[in-house]
Amino acid sequence: MVYFIADTHFSEKAIMQYENRPFESIEEMDKEMVSRWNHIVKKEDSVYLLGDLGADGKEASVLSQLNGDKYLVKGNHDTKSNQYYRDAGFCEVYDFPIIFKDFWILSHQPLYVNTNMPYANLFGHVHGSPIFSTFSKQHYCVSVERIQYTPISFEEIVITIKSGG
């Protein structure tokens with residue numbers, strides 16, 4: 001199975017206040033997100049993290065606890081070298097958006113798409129901002145605040161978009 005998630009911000013205290021995350025401490029936040037990840041994602045699965053793993057240097061220790069083959073599309077908080085993230089446990093690291101299954105643009109920030117374009121966009125970055133809807137016929141936001149701090153499967157994304165919610 002293939003899963004998506006964005007904006008984990010592991011080990012970052014400030015994100016708890018900025019996004020009103022429902023955790024008492026960064027330790028509780030990290031532990032709960034690792035537990036939710038590993039409950040869903042199996043070792044043989046793949047997970048695309050669409051940016052903002054964490055920014056304090058502790059993210060490598062959290063990453064090693066997570067199941068699955070992990071791929072990073074770098075976000076604005078992922079400022080270390082690609083090799084740093086590979087050494088931490090990512091199979092591959094991308095500086096720019098990538099195309100998934102010939103149709104889906106995987107990016108950190110939302111990209112412009114319209115009904116005349118042959119693409120849809122999976123992204124993060126916007127967290128819980130009410131300016132952006134969680135999904136439409138051509139996009140899906142996988143920021144952790146929108147997906148219960150748990151990776152979401154590609155199949156669930158497709159079903160949600162096709163059914164309109």
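Predicted model: local features only at pLDDT ≥ 70, side-chain atom pairs only at ≥ 80, totals over all residues.
Visitor: In what sense do S5 and S6 pair, and over how many bridges?

Guide: S5 pairs with strand S6 (residues 104-106) in the antiparallel sense, over 3 bridges. For a residue-level example, take Ile 99, whose bridge partner in S6 is Ile 105.

Visitor: What is the strand order in the open sheet with S4 and S10?

Guide: That open sheet is formed by 5 strands in the order S4-S3-S2-S1-S10, with mixed pairing. Its edge strands, S4 (90-94) and S10 (152-153), each pair on one side only.

Visitor: How does S1 pair with S2, parallel or antiparallel?

Guide: Strand S1 (residues 2-5) and S2 run parallel and are joined by 4 bridges. Val 2 has Ser 46 as its bridge partner in S2, and Tyr 3 stands opposite Val 47 in S2.

Visitor: And how does S1 pair with S10, parallel or antiparallel?

Guide: S1 and S10 run antiparallel, with 2 bridges between them. Here Phe 4 has Ile 152 of S10 as its bridge partner.

Visitor: What covers the picture for the two faces of S1: which residues lie on each side?

Guide: In a regular strand the side chains alternate between the two faces of the sheet. For S1, Val 2 and Phe 4 are on one side, with Tyr 3 and Ile 5 on the other; all of them are buried, and both faces are covered.

Visitor: Is Ser 46 buried or exposed?

Guide: Buried means under 20% relative accessible area. Ser 46 has 16%, so it counts as buried. This residue is found in strand S2 (residues 46-49).

Visitor: Which residues does Ser 46 touch, leaving out those up to four places away in sequence?

Guide: Ser 46 touches Met 1, Val 2, Tyr 3, Asp 69 and Tyr 71. Of these, Val 2 is also the residue whose bridge partner is Ser 46.

Visitor: Where is Asn 38 found, and what is its relative accessibility?

Guide: Asn 38 is found in helix H2 (residues 26-40). Its relative accessibility is 23%, so it counts as partly exposed.

Visitor: Which residues does Asn 38 touch, again not counting those up to four places away in sequence?

Guide: Asn 38 touches Gln 65, Leu 66 and Asn 67. As for Gly 68, it is 30 residues from Asn 38 in sequence and 8.5 Å away in space, C-alpha to C-alpha.

Visitor: What is the phi of Asp 7, and where does that residue lie?

Guide: Phi of Asp 7 is near 65 degrees, a positive value in a residue other than glycine. Asp 7 lies in the loop between S1 and helix H1 (13-18). With 0% relative accessibility, Asp 7 counts as buried.

Visitor: What is the phi of Asn 20, and is Asn 20 buried or exposed?

Guide: Asn 20 is not a glycine, yet has a positive phi of about 50 degrees. Its place is in the loop between H1 and H2. Exposed means over 50% relative accessible area, and Asn 20, at 66%, counts as exposed.

Visitor: Now the whole chain. How many helices and strands does the protein have?

Guide: Its secondary structure comes to 5 helices and 10 strands.

Visitor: What does the radius of gyration say?

Guide: A compact globule of 165 residues would have a radius of gyration near 15 Å, and the protein has 15 Å, which agrees. Along the principal axes, the C-alpha atoms fill a box of roughly 45 × 30 × 30 Å.

Visitor: What share of the residues is buried, and what is the accessible surface?

Guide: Buried residues make up 52% of the 165. The accessible surface comes to about 8300 Å², and 52% of that surface belongs to carbon and sulfur atoms.

Visitor: What share of the contacts joins residues at least 24 apart?

Guide: Among contacts between residues at least 6 apart in sequence, the share is 51%.

Visitor: How far apart are the mean positions of the positive and negative charges?

Guide: The mean positions of the 15 positive and 22 negative charges are 2 Å apart.

Notes:
Residues numbered from 1 in each chain as written. Heavy atoms only, no water. Rg over C-alpha atoms; globule rule 2.2 N^0.38 Å. Buried < 20%, exposed > 50% of the residue type's maximum accessible area, 1.4 Å probe, protein only. Contact = heavy atoms within 4.5 Å. Areas by Shrake-Rupley, 256 points an atom, 1.4 Å probe, with all protein chains shown as cover. Lys, Arg positive; Asp, Glu negative; His and termini not counted. Charge placed at Lys NZ, Arg CZ, Asp CG, Glu CD. Pairing = 2+ DSSP bridges.
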